Amino acid sequence: MRIMITGAAGQLGNELISILESGKAEIGLIDGVYGNTQIIPADIDNFDISDMDSTRTFIKNAKPDIIINCAAMTNVDGCETARDVAFKVNALGVRNLAICAKEVDAKLIHISTDYVFAGNGNRPYCEWDMINPQSAYGASKALGEKYALTFSDKTFIVRTSWLYGYVGKNFVKTVRRVIKEKGSITVVNDQRGNPTNANDLAFHILKIAKTEHYGIYHCTGEGECSWFEFAQRIAEYSGYDKGVVSPCSSDEYKSPTKRPAYSSLENMALKCGVGNEMRDWQTALKEYISKVKD
Ligand SMILES: NC(=O)c1ccc[n+]([C@@H]2O[C@H](COP(=O)([O-])OP(=O)(O)OC[C@H]3O[C@@H](n4cnc5c(N)ncnc54)[C@H](OP(=O)(O)O)[C@@H]3O)[C@@H](O)[C@H]2O)c1
């Protein structure tokens with residue numbers, strides 16, 4: 001089997017490559033069907049997904065059976081100020097991949113986000129809930145979902161949230177760095193969601209990818225918290241007193257982007273389909289902190 005991973009140098013791309021190479025994730029062994037997989041990593045240095053010609057040339061040569069798209073403009077505030085770039089990468093780039101996936105008859109697994117939802121509800125969002133993005137990042141990702149489903153009939157959309165992996169930048173590493181440098185940190189306490197370990201997500205992406213059960217999946221760590229509670233646990237598991245983390249409101253934080261107040265996702269399609277083995281977010285975080293190198 002030939003699996004092409006776009007955004008291969010990012011957080012999730014790295015985790016996918018690592019578990020495909022080793023045959024195991026932190027949760028357990030991956031399916032034997034991946035035993036002889038040829039991994040085709042691709043990132044911006046290989047080709048830009050928003051450029052149709054180079055995308056098509058690369059995919060025609062690579063002849064993948066499966067394309068897992070982890071490439072995205074993930075800087076949420078950056079998307080607000082460079083809306084055209086967000087649109088090109090997160091929407092048009094996905095359209096290009098979907099068209100090319102269909103041309104070579106490959107499955108497409110496209111990764112999306114909790115930010116496609118408005119975030120004003122009071123229960124976790126299911127796969128059947130209506131999307132209503134409030135930010136440029138969310139809107140560009142929502143259009144990417146639509147294009148992936150429109151232009152390829154072998155599409156899986158996998159929405160995740162609050163992701164952290166061993167390679168690259170993320171909230172966990174930032175909190176640890178700020179505490180180490182400044183001794184304390186202030187974090188918003190009025191936005192709730194699901195921290196997700198990229199290793200657990202990668203494991204479930206491979207569970208989904210070997211099926212033909214196309215459609216939309218939510219895949220996040222089990223349980224929810226605020227960013228403040230997340231930061232408290234990061235401090236605690238890193239050996240600091242959790243009192244080094246102080247809460248503030250979103251108004252006080254003054255983000256340039258409107259972020260969902262409540263964007264917890266329910267892993268309903270996993271539960272009803274391939275099985276939901278996502279760990280609770282605190283267990284997955286504890287293992288990550290015991291291994292991560294700053
Ligand atoms: N991070 C989160 O908290 C989070 C939450 C929910 C959903 N997601 C979604 O999960 C997926 C993976 O996220 P991640 O955190 O692993 O992302 P990441 O670490 O930012 O990696 C994305 C990779 O894509 C590359 N890339 C950007 N634009 C590209 C282009 N035009 N063509 C080719 N490659 C390009 C990036 O290169 P550069 O670094 O050079 O730009 C980077 O290597 C994304 O779809 C994201 O939207 C992430």
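1. Asp 105 lies in the loop between H4 and E4, where helices (H or I, at least four residues) and strands (E, at least two) are DSSP runs numbered from the N terminus. This is a predicted model, in which local features need pLDDT of at least 70 and side-chain atom pairs count only at pLDDT 80 or more, while totals for chains, interfaces and linings use all residues. Residues are numbered from 1 along each chain as its sequence is written.

2. Although Asp 105 is not a glycine, its phi is positive, at about 60 degrees. Most residues other than glycine have a negative phi. Asp 105 is exposed, because 11 other C-beta atoms lie within 10 Å (buried means 20 or more such atoms within 10 Å of the residue's own, exposed 12 or fewer, and partly exposed in between, with C-beta atoms placed from the backbone).

3. Trp 162, in the loop between strand E5 (155-160) and strand E6 (163-164), also has a positive phi, near 45 degrees. Trp 162 counts as buried, because it has 24 C-beta neighbours inside 10 Å.

4. Arg 56 belongs to helix H2 (residues 52-62) and is partly exposed, with 17 other C-beta atoms within 10 Å.

5. The ligand is surrounded by 26 residues, the closest being Gly 7, Gly 10, Gln 11, Ala 71 and Ala 72 (a residue is near when its C-beta atom, placed from the backbone, lies within 6 Å). Helix H1 (11-22), helix H4 (83-103) and strand E4 (107-113) are the elements that give two or more residues to this shell.
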